[in-house]
Amino acid sequence: LSFVSKPTDLRDEVIKDMAKNKRGDELTHAILMQFEQINAIDYFPIRSVQELLIKQAQFELNRGRLGYPREFYRFSPSSSDKCEREMFYKNAKAPMDEQTMYPFQRRWTRNSTAVHEATQRQILESEVLLKDPAFKVQRLDSGLPAWEKNLEDWKLVTHNGVQFVVTGMMDGILEYKDGSSIGFEFKTKSNSVADIKRLKEPAPSHRQQCVAYSVLFGINEFVIVYESVAKDKWSTGPEARDDMKAFYVKVTQADRNRLLDKWARVVENLQDGEVSAPDYSKCTFCPFKTHCGEVNK
Ligand code: SF4
């Protein structure tokens with residue numbers, strides 16, 4: 001009896017993982033270095049960047065409604081990790097619970113939004129101020145940066161015999177120095193700078209968001225950058241704890257299929273009237289808790 005050794009699927013997977021990690025390390029290091037470098041210099045607002053952002057504001061003021069066909073059920077990237085039943089209720093326009101928001105929570109989201117905008121602007125500024133920045137923001141045919149409302153789009157998808165619309169926008173499509181298109185997703189943490197050290201991988205919902213962007217915008221590689229709005233003490237100087245971390249996400253066809261299967265299941269349920277399966281691990285932020293409890297008494 002003799003054994004012939006040949007590479008197994010597992011070995012192929014390991015090799016693929018190693019290659020992915022190398023690429024991931026390269027991209028995550030490059031994006032963090034870019035933010036380090038731009039924040040290592042003092043500079044005044046840059047006229048060309050300001051003009052571009054004014055054009056963006058004018059576009060946002062004047063743009064009409066997104067012209068997707070209203071007769072289809074609709075899904076968005078930011079909700080792609082949600083419970084299927086919540087997606088069902090949203091599309092079925094079920095009654096939502098009243099949400100209470102306290103002023104400090106509004107300041108919380110206000111601060112996160114402001115950091116978000118400032119971070120995007122710094123990528124544009126680094127195009128002007130840094131020598132050979134690793135990343136640039138892709139420009140659309142309109143000349144506007146490929147992000148937010150400028151980029152907002154919709155797609156009619158046919159999958160498993162049903163049709164639905166996917167709509168959304170993203171934080172940015174960047175061009176890496178090797179010419180590849182990299183999706184940029186930016187997330188803030190607000191509790192403590194220690195949150196950054198504790199992050200070992202992107203949140204599943206953030207990873208799933210990338211899968212949805214991949215369906216909508218046709219890109220497969222992403223960097224998700226997390227920044228803590230809370231910083232270490234000013235006096236810590238060079239010893240300050242890291243306030244940013246980046247992760248690389250490579251989306252595969254299998255990832256896209258799993259998400260498309262999920263959306264298609266919800267559409268089938270909406271068509272035949274059978275309420276979608278619940279996922280009780282995702283109830284915390286669900287606005288349909290009362291309705292869900294009532295219809296299942
Ligand atoms: S309450 Fe929980 S199970 Fe019910 S729809 Fe919302 S997330 Fe799903």
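1. The model is predicted, and a search of the whole structure finds 11 aromatic pairs. Among them is the pair of F75 and F164, whose ring centres are 5.5 Å apart; because their planes stand at 85 degrees, and over 60 counts as edge-to-face, the pair is edge-to-face.

2. Where in the fold do F75 and F164 lie? F75 belongs to strand β1 (residues 74–75) and F164 to strand β4 (residues 162–168), so this pair ties together parts that are 89 residues apart in sequence. F75 is buried, at a relative accessible area of 3%, and F164 is likewise buried, with a value of 0%.

3. A further pair is formed by F135 and Y176, with ring centres 5.0 Å apart and planes at 40 degrees, so that the arrangement is tilted. F135 is found in strand β2 (residues 135–137) and Y176 in strand β5 (residues 173–176), and the pair therefore ties together parts that are 41 residues apart in sequence.

4. Finally, which ring has the charged end of R70 over it? That ring belongs to Y68, and the charged end of R70 sits 3.8 Å from the ring centre.

Notes
Residues numbered from 1 in each chain as written. Predicted model: local features only at pLDDT ≥ 70, side-chain atom pairs only at ≥ 80, totals over all residues. Heavy atoms only, no water. Phe/Tyr/Trp six-rings, centres within 6.5 Å; stacked < 30°, edge-to-face > 60°. Helix = DSSP H or I, 4+ residues; strand = E, 2+ residues; numbered from the N terminus. Buried < 20%, exposed > 50% of the residue type's maximum accessible area, 1.4 Å probe, protein only. Lys NZ or Arg CZ within 6 Å of the ring centre and 35° of its normal.
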